Amino acid sequence: MDDYIKSLLKDFFEEAFDMLDRLEQNILILDKDRNNTDAVQEIFRAVHTLKGSAGAVELFDTQKYAHRFEDLLDLIRNNEIKVDDKTIDILLKGIDILKELINSASEEKEYSGNIEEDIKNLDAFKNSKLGSSSSESPKETSNNLNISGDSNSVSSGKYDNLNFDNSVLDTIRENAEDGVKTKLVFVKFNSESPMKTVGGVQVYVGLKDCGEIIASVPPLQNLEGDEFYQNVIYVLETVEEDDKIINDITLPEITEEIKIEEFILEEYEKFLEDKKNKEIQKSQEAQSTKSKNEKDGKHERQSSFLRVESDRIDDMMNQVGELVTNKSSYEQYDDDLTAYSKVIGNGINDIRKYYKDSVIQILRKLEYYASKKEIKDLRNTYIDGFNEKLNDLAKMEEDFKYTLDKFRTSYQLLTRVTNDLQETVMKIRMLPIAQTFNRFPRLIRDLSRDLGKEVKLEMSGEETELDKSVIEVLVDPLIHIVRNAMDHGIEMPEERIRAGKPREGIISLNASHNGNLIVIKISDDGKGMSPQKIFESAVKKGLVSADAKLTEKQMLEFIFAPGFSTASKVTNLSGRGVGMDVVKKSLDKINGTVGIETELGKGSTFFLRIPLTVAIIQALIVDSEKEYYAIPINSISETLKINVSDIQNLEGTEVIKIREDVINVLSVKELFKLPARYENNIKSYYAVILASEEKKVALLVNNLIGEQDIVIKTLKDRVTRVEGISGATILGDGTVSFILDIQTIVGLGTKRIIERGKFSKKPTSKNELRNFIDRLKNNQIPEANI
């Protein structure tokens, strides 16, 4: 393969994968609407284009299979093969083979299958369908069996299913010269007969006594199989009369109708020529339309779209991140210069007052040694001179303020341009979630057939856009949830009917915006989940003690534990406990959360809440022992200032009461074991209330610095092993700030505080605990000073 071909391959792979996705979608459309000719035409054009493109880049196996696949599609679009379940299956199988061929080529690996065997299977299906096509269409059968016999008519239909090679035609021509006639024997078999599958062979044997059978449609090997063909055509070389032939092959209760017509070679050859001319004309019209569409489409694509490698977008995103960091530094400079301006102004005022007061005091003391007039003149001279110098300073102050205003104007322009550039680059990275949703119709169809269930997939919100990196992480969680809904949620049709439900179950996928988050809902109308059953399984696996008092929501959370499963047996879909924990871990990577609502007999709904992007986020910068930490804004419920006296102790666990909620308290200093850099007798803290999956923790810090757009930087493995840290960012002044992992901290909060309580010098007594509960009930615990 030369360098030129290699340079074409990258574009080919990108286009081929997009084309295969569209192919699969159109096949699934055809599955729902078997008469959708537009879908058939789209499929045919795409495979035709793929065949040509594969040949251009020397992927000859792909080209060869696509060519045979195109032959099958051509028969379908010409109504020579009927679209049924088996046809849809073979089309989807063909797409899978093409995907594997192209995947193997893109990874420079050998194709794992056998391309010749794949082609043979495709041809065998095509031949079997051609052989049985007349039996699948009663109208066509009627035409074949009731022809007019007019020798001048080549459109009567008697030759439609015949496609002889040259050797057969030569035999017919030689026998005609010897006076032997060639006859077409049309036989329709009784579909109600218990012997229907062997009727074709019985008639074949009977006809052999009347002459020589040179062909049959379908072929003899098909007739010898278990499949029933209602209409069969036998091509017979014979000198016998028609009545005798009919009498010899009539089988009571097996043959339903028999018709014999003479095969006229000249008539057949004229039929073939007309058919070929029509196909050429149709092909030319299709090619002309295709060329025009491709030309128009190409022009439109060139004017509207530009294909760019994702790595380049990522590089641009990194550069925008640096720009955002620099913008933050200018913001810091603006604040500093504004503060300096105030200091200069205040300093000038202080100098003016100080020197004015000082001169007056000195001159008053000199009044004893000189006349008042001399003192007065001297005072005025000094004050005037000093005021002149102060005015010079004031002018400098005005010039500084003017320069500061120009700097601020330039900074505001930089901020606007940076924000616009950031938004533009973010939009470039955004992709509709449809490209993830679109793989589920095929998954639902395949699983429905494997499980024997009837399931309808409903999708909405496919236009909702997410960051490319987020979409890539979402694929596995969604697949696991949908597979679980199919296996555990949706009941068998008979079971649904007994429960008063429709036979067909429903799984729905919905995506929508909610502030800075995307909410994805995966619902089913199946049997729902039993929190008690989940709890009992958790007890058996040692995940919780049997006497634990848990809410239903807490019980449901056990399904996310590694290795957890309620399945009674291991199947291809479930039972190994490696599904839902993958959902949890994948969402943790992108700071997402998952929630569950379920009702027995009604179904279940999973809620995935995901940030729009994981590249640049808004964060609150906090100070703990003069170390800076960044907290994602969307994880903060509220912030407040509390006194040390607001913190209560419950069995070694510190809590605060905020309105009606009692919330555990966790200090950043203790969480990360920071050395004390502030004075020990601190009387107040700032409490940042963090919320994750309806759990809350009050995180204590010394100061709130402010909100910033921060660029998330991933950390190396050694650092990421620190619990509670998900990444880092660089602030405007160049300071490195760690980004807190909110879900981990909320989970660690109770654990760390309880461990601290174990070493309390004075453990809480039962009486103290009772008093605390009484005070809580009587609203006597002071609320935090908000």
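Welcome! Tyr-355 is found in helix H12 (residues 310-366), where helices are DSSP runs of H or I with at least four residues, numbered from the N terminus. This is a predicted model, in which local features need pLDDT of at least 70 and side-chain atom pairs count only at pLDDT 80 or more, while totals for chains, interfaces and linings use all residues. Residues are numbered from 1 along each chain as its sequence is written, and side-chain values use heavy atoms, with hydrogens and water left out.

- With a relative accessible area of 41%, Tyr-355 is partly exposed (buried means under 20%, exposed over 50%, partly exposed in between, with a 1.4 Å probe and protein chains only).

**Salt bridges**

- The whole structure holds 28 salt bridges (a side-chain nitrogen of Lys or Arg within 4 Å of a carboxyl oxygen of Asp or Glu).
- Glu-70 pairs with Lys-51, their closest N and O atoms being 2.7 Å apart.
- That pair links distant parts of the chain, with Glu-70 in helix H3 (residues 60-77) and Lys-51 in helix H2 (residues 37-56), 19 residues apart.
- Both Glu-70 and Lys-51 are buried.
- Asp-123 and Lys-126 form a salt bridge at 3.7 Å between the closest N and O atoms; they are separated by about one helical turn because they lie three residues apart in helix H5 (residues 115-132).
- Asp-446 meets Arg-442 at 3.0 Å, N to O.
- Asp-446 is partly exposed at 27% relative accessibility, whereas Arg-442 is buried at 10%.

**A cavity inside**

- The search finds two cavities of 30 Å³ or more; a cavity is a set of points on a 1 Å grid over the protein atoms alone where a 1.4 Å probe fits but cannot get out, and lining residues have an atom within 4 Å of a point.
- The second largest cavity has a volume of about 40 Å³, a volume being the space filled by probe spheres set on the points.
- Among the residues lining the second largest cavity are Phe-189, Leu-223 and Tyr-229.
- Helix H8 (residues 196-208) gives the most to this lining, with three residues.

Conventions: On a 1 Å grid over the protein atoms alone, a cavity is a set of points where a 1.4 Å probe fits but cannot get out, and a pocket is an open set with protein on both sides within 12 Å along at least five of seven lines; lining residues have an atom within 4 Å of a point. Helices (H or I, at least four residues) and strands (E, at least two) are DSSP runs, numbered from the N terminus.
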